[in-house]
Amino acid sequence: MSDLELNTPWTAVSVLVVDDEPGMRAILKKALSKKFAQVDTAGSIEEAEEIRKRCHFDLLIVDINLPGRSGIEWHEAFDPNTRRSDVIFMTGYADLDMAIQALRAGASDFILKPFNLEQMMQSVSRCIERRLVERQNFALQRDVERSYPVDIIGDAASTQKMKKLITQLAPSIAAVLVEGESGTGKELVARALHQLSKRTGPFVPLNCGAIAPDLLESELFGHVSGAFTGAKKGRDGLFRVANNGTLFLDEIGEMPLSMQSSLLRALEQKAIRPVGAEREVNVDVRIVAATNRNLKKEVEEGRFRQDLYYRLNVLTIELPALRERIEDIPALAHHFTQQLSKDLGMKPISWAHEDILAMQAYKWPGNIRELRNMMERCILLGKSPSEYWQELNGDVPVISSPEKTSTILNSDEKRPCQCHDGEQEQYCYPVDWTLKDVEKAHIMQVVDSNEGNKSAAARQLGVARKTLERKYKEWAEESASCE
């Protein structure tokens, strides 16, 4: 190992030597202290544990044959959720089985006593070099994640179209209007637009519906000292905070008409006048506005200024509802599960195929926000979506998957078609069938395959038995009403 200068990254590495021989501890401490800022030693497992409680070590050099407990057993007992340390095992009584056991325990190296100091230092060098590379890769990955635009999950056609449009519109300085139902991720899109742009200022969000109308002007444009009662000192508004950046005006449809004219002037003049000020202040702010209302209809009914609407609607992104992109639900569920489990410090929940089908069948009036909320509740309660829905209202959404429904009809109810590009002839449902018809046929086929055992069929379908009974009752009532 080549000599290292004190200003190299190696000086930040910490090492713990655990050996019951005082002479070995002294030799290693002396050699390692020339290279590393922190080198501690321990003569027993108990002493080593006390030291590890106070500090994390990048490298452990551990004798296998220690009094009371082997070094391998000690290392295997480490909490897997704590930060990992590299470990070099050393022993004077090694055999093949012990070497294999050490490697299985996660050893970085295995050294036989007696060894020369150069051999040990070379092993240490390999471990630390590898750890430094891992640190550098982690730092690079973190920098990439910070510089890369906000990740929009999903590969549905509508999602891909939305991603492409964001990429196209981001470099422009023109205002963007993001339309979509509540919970579809409008702020996420606004952040992606900002991060993909060339703007050097910050991204500043504001929910227009959450600010009292008489405070909105001061919030946006700021005020000078003494402008109104209680204004003991001046304050910059969000336009100045977002200078050279992006101002995201969420729920723009909630903005009072009196403020809309002031906002229009600020956009046209690229200048603002703080409340109580005599002069205007120039600002360079890109506006991204969002709404779950139909602004065109709001204009027609006199609740939104037509000129402001045209000013904001230079570029438009329409976000699809979650029920229109059900192909993205599995990826979103996985993303939220991993994210929330980490944030909550809880074990992730694995979703069954039936859970995914139920989530894809549900209409999601609250869209992605509702999905995330349900994921969080399921993780906190330790329940699957099916169990959650069943306890909530006794009903689990049901959908038929292509794999299960491709053969559920009797031969006289199927019609042949060539829809698989020359492959073997397939059978599809009658063109006038609804999803409800497919659901009924699927459920009845599963019940028949279980020889009429509805409890077994309910388990196979991933629904409650009473849900199945309710379905049969509904079908009986519909049949009677048609007679």
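What follows is a look at how this protein is put together inside.

The model is predicted, so local features need pLDDT of at least 70 and side-chain atom pairs count only at pLDDT 80 or more, while totals for chains, interfaces and linings use all residues. Residues are numbered from 1 along each chain as its sequence is written, and side-chain values use heavy atoms, with hydrogens and water left out.

The protein comes to 20 helices and 16 strands (DSSP runs numbered from the N terminus: H or I of at least four residues for helices, E of at least two for strands). Of its 483 residues, 43% count as buried, meaning under 20% relative accessible area with a 1.4 Å probe, protein chains only.

Now for the inside. A nonpolar core is a set of buried Ala, Val, Leu, Ile, Met, Phe, Trp, Tyr and Cys residues joined through side-chain atoms within 4.5 Å. The largest one has 31 residues, and those touching the most other members are Leu220, Phe239, Leu247, Leu249, Ile252 and Ile287. Elements giving it two or more residues include strand S7 (203-207), helix H8 (213-221) and strand S13 (286-291). Helix H10 supplies the largest share of this core, 5 residues. Apart from this core lies another, of 22 residues, with Val18, Leu66, Phe89 and Ala105 among them.

Ile287 touches, among others, Ala174, Val176, Phe239 and Leu312, not counting residues up to four places away in sequence; contact here means heavy atoms within 4.5 Å.

As for cysteines, the disulfide count is 0, where a disulfide is a pair of cysteine sulfur atoms within 2.5 Å. Cys127 counts as buried because its relative accessibility is 2%, and Cys378 does so at 0%.

Terms used
Buried < 20%, exposed > 50% of the residue type's maximum accessible area, 1.4 Å probe, protein only.
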